[in-house]
Amino acid sequence: MGRSLLPSGQTRLNKEKVIQGQGVDEPLSETGFKQTAAAGVFLNNVKFTHVFSSDLIRTKQTVHGILEKSKCCQDVTVKYDSRLRERKYGVAEGKGLSELKAMAKAAGEECPGFTPPGGETLDEVKMRGKDFFGFLCQLILKEAGQKEPCSSGAPSSCLETSLAEIFPLGKNCASKFNSDSGAPELVASVLVVSHGAYMKGLFDYFLTDLECSLPATLSKSEFVPVSSNTGISLFIINFEKGREVKPTVQCVCVNLQDHLNGVTETC
């Protein structure tokens with residue numbers, strides 16, 4: 001399974017460094033719509049079999065903008081899932097980032113580990129990500145037997161081919177999807193649109209619990225930071241039906257921003 005993840009486009013409050021979390025449902029700014037359109041053009045030839053999004057307005061607008069540019073996903077139904085929402089920041093929502101840091105300092109803690117009253121802990125966000133990931137794996141396993149394999153005579157229809165056209169899959173990934181190698185081909189390509197802090201928790205789960213392998217050019221410290229608005233990350237997930245083993249996760253790229261070259265920020 002190929003899994004492409006990206007946070008929403010920019011909102012006015014992102015630029016103003018105001019905490020949105022779940023309680024402040026701010027729409028995309030003009031810059032955010034530009035970022036989303038650019039991401040859509042970048043991904044327009046990728047065939048997604050499944051599309052999931054947080055049910056907050058900024059992610060709904062982002063996923064709609066991406067699919068609007070797609071050449072092969074016009075008929076895909078977006079499934080909105082509350083498990084993909086941003087981290088809940090409780091009383092800090094609607095306040096500036098500087099205020100959140102001041103609250104943390106007053107409590108003798110530091111961000112992002114500090115949990116404001118009414119907010120979610122980092123572990124709770126991570127568990128939400130784990131829950132959604134487990135659901136997604138079970139869904140793909142259930143549907144895998146119903147999908148027709150790509151024919152070697154029509155490579156353009158293959159999921160892995162559409163990914164390889166724009167992502168640096170490299171030899172290791174390519175060998176896994178080589179029909180001559182006898183390895184199973186990609187059975188699903190999933191687009192997930194969520195939020196920066198949520199994705200940070202999910203990536204921590206991939207790295208810490210599932211021992212995700214990283215590209216040689218990417219260090220663990222570069223893997224951890226919150227992704228930029230519409231920064232694209234791609235993971236290849238391998239699991240075997242009927243076996244109670246952890247899936248293997250291979251990171252292809254994190255926070256890819258090639259599509260943002262030439263996107264100017266609106267004042």
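Predicted model: local features only at pLDDT ≥ 70, side-chain atom pairs only at ≥ 80, totals over all residues.
The largest pocket has a volume of about 920 Å³. Its lining comprises 35 residues. Those nearest the centre of the pocket are Glu86, Tyr89, Gly196, Ala197 and Val226. Three helices each supply at least two lining residues: H4 (97-106), H5 (122-144) and H8 (196-209). Helix H8 gives the most, with seven residues. Two of the residues nearest the pocket centre, Gly196 and Ala197, fall within the 196-209 span of H8. By class, the lining of the largest pocket has 16 nonpolar residues.

Helix H2 covers residues 30-42, and helix H3 covers residues 57-68. The two pack with their axes 7 Å apart. The angle between H2 and H3 is about 40 degrees. Helix H2 is therefore oblique to H3, since angles under 35 degrees would count as roughly parallel. The crossing of H2 past H3 is right-handed.

On the H2 side, the contact is made by Phe33, Thr36, Ala39 and Gly40. Helix H3 contributes Gln61, Thr62, Gly65 and Ile66. By class, five residues of this contact are polar and three are nonpolar. No charged residue takes part in the contact of H2 with H3.

Note on methods:
Residues numbered from 1 in each chain as written. Heavy atoms only, no water. 1 Å grid on protein atoms, 1.4 Å probe; cavity = no way out; pocket = protein on both sides within 12 Å on 5 of 7 lines; lining within 4 Å. Points joined across faces, edges and corners; volume = space filled by probe spheres on them. Helix = DSSP H or I, 4+ residues; strand = E, 2+ residues; numbered from the N terminus. Nonpolar A, V, L, I, M, F, W, Y, C, P; charged D, E, K, R; others polar. Axes fitted to C-alpha atoms, helices over the stretch in contact; angles between N-to-C directions. Parallel < 35°, antiparallel > 145°, perpendicular 65-115°, else oblique. Left-handed = near helix turned anticlockwise from the far one by under 90°. Contact = heavy atoms within 4.5 Å.
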